[in-house]
Amino acid sequence: MNKAQQIFRSYRVKSLMMDVAFALLTLGLIGVSIWQWNVMLLMWAFLGWCVLYLIWRFLKGRNRNALFSILYDQCDARTYRDVYALILKSRKLKFGLADIKIELALGMIFRGEYQQALDLLNTINLRSKGLGKNAVLRCYNLMSKCYARLENWDMVERTREDIDILIKTGKLRSSTEKAARTALALVEAELSLHQRQLIKAREYHQNRLSKVKVLYQKVSIQYQLACIDLMEGDRRKAKERLEFVARNGGTMIEAELAREQLKNLEDVDLSGEEAE
């Protein structure tokens, strides 16, 4: 049993235990209410069930959120992808399926599987009323990243237009609007880099680097800044950033690319020394 299977098994066991406990306690409250039937007891039983439901949802959320550290803190994109692939495979209900697909696509992207991630994201109905605006924005964000890596710039531009339309339609909560503008800025940064507007792209990534807290985002941004450094000819600064990415990037595709670029930089330095 590999690491992903072990994590998935632990996650499933904890989830099932919580479901069983919630079901048994719910049946217990119903049984007590029927056995000692009166309005006051029924009200207390209902209140107890509401508290029980909130506790159950909280514990289920903690169990699910524990998976985020695999990528967010450990930068283990391979395991993150494999765990969510197992969760998706075992999923029977459609409720919450989009969120699982988004997390799986995230793992795929940071393993360099851009087309596979895009194919998966395209199975999500972005016009579904049951899909929240934040989930739609995450899809647009991930799609734009895939299109950019696949160098399909027309679709990157189209994604920018979709996000812009979403903002202009209004009726967004302040937190959602902030997320939308962040997603729009990210797409514009991708386009700026493609168009070699390096000052604009650097400004965005440096500003974002000062705000993010999770390690995988820092690794990703440092890699983008290293690419800009190389375009500008600053090999010393690029090497520092690439070393950070290679050291902290775990199984992320950025870490693999950083190691390759560091090797190329070393080869160029050796060639220059020999020429001298």
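User: Which helix gives the most to the lining of the second largest pocket?

Analyst: H9 does, with eight residues. This is a predicted model. H7, H9 (174-194), H10 (198-209) and H11 (215-232) each supply at least two lining residues there.

User: What is the volume of the second largest pocket, and which residues are closest to its centre?

Analyst: The volume is about 950 Å³. Of the 29 residues that line this pocket, Asn-141, Thr-182, Arg-208, Val-212 and Gln-217 are the closest to its centre. By class, the lining has 14 nonpolar, eight polar and seven charged residues.

User: Why are H5 and H6 called roughly antiparallel?

Analyst: Their axes cross at roughly 165°. Angles over 145 degrees count as roughly antiparallel. H5 and H6 are therefore roughly antiparallel to each other. The two axes come within 8 Å, and H5 passes H6 in a left-handed crossing.

User: Which residues of H5 meet H6?

Analyst: Lys-101, Ile-102, Leu-104, Ala-105, Met-108 and Ile-109 do. On the H6 side are Tyr-114, Gln-116, Ala-117, Leu-120 and Leu-121. By class, this contact has nine nonpolar, one polar and one charged residues. Lys counts as charged, so Lys-101 of H5 is the charged one.

User: What lies in and around the largest pocket?

Analyst: About 1,300 Å³ of space lies in the largest pocket. It is lined by 40 residues, and Arg-91, Phe-95, Gly-96, Leu-97 and Asp-99 are the closest to its centre. The lining divides into 16 nonpolar, 12 polar and 12 charged residues.

Terms used. Residues are numbered from 1 along each chain as its sequence is written. This is a predicted model: local features need pLDDT of at least 70, side-chain atom pairs count only at pLDDT 80 or more; totals for chains, interfaces and linings use all residues. Side-chain values use heavy atoms; hydrogens and water are left out. On a 1 Å grid over the protein atoms alone, a cavity is a set of points where a 1.4 Å probe fits but cannot get out, and a pocket is an open set with protein on both sides within 12 Å along at least five of seven lines; lining residues have an atom within 4 Å of a point. Grid points are joined across faces, edges and corners, and a volume is the space filled by probe spheres set on the points. Helices (H or I, at least four residues) and strands (E, at least two) are DSSP runs, numbered from the N terminus. Axes are lines fitted to C-alpha atoms, for helices over the stretch in contact, and angles run from 0 to 180 degrees between N-to-C directions. Angles under 35 degrees count as roughly parallel, over 145 as roughly antiparallel, 65 to 115 as roughly perpendicular and the rest as oblique. A crossing is left-handed if the near helix is turned anticlockwise from the far one by less than a right angle, and right-handed if clockwise. Contact means heavy atoms within 4.5 Å.
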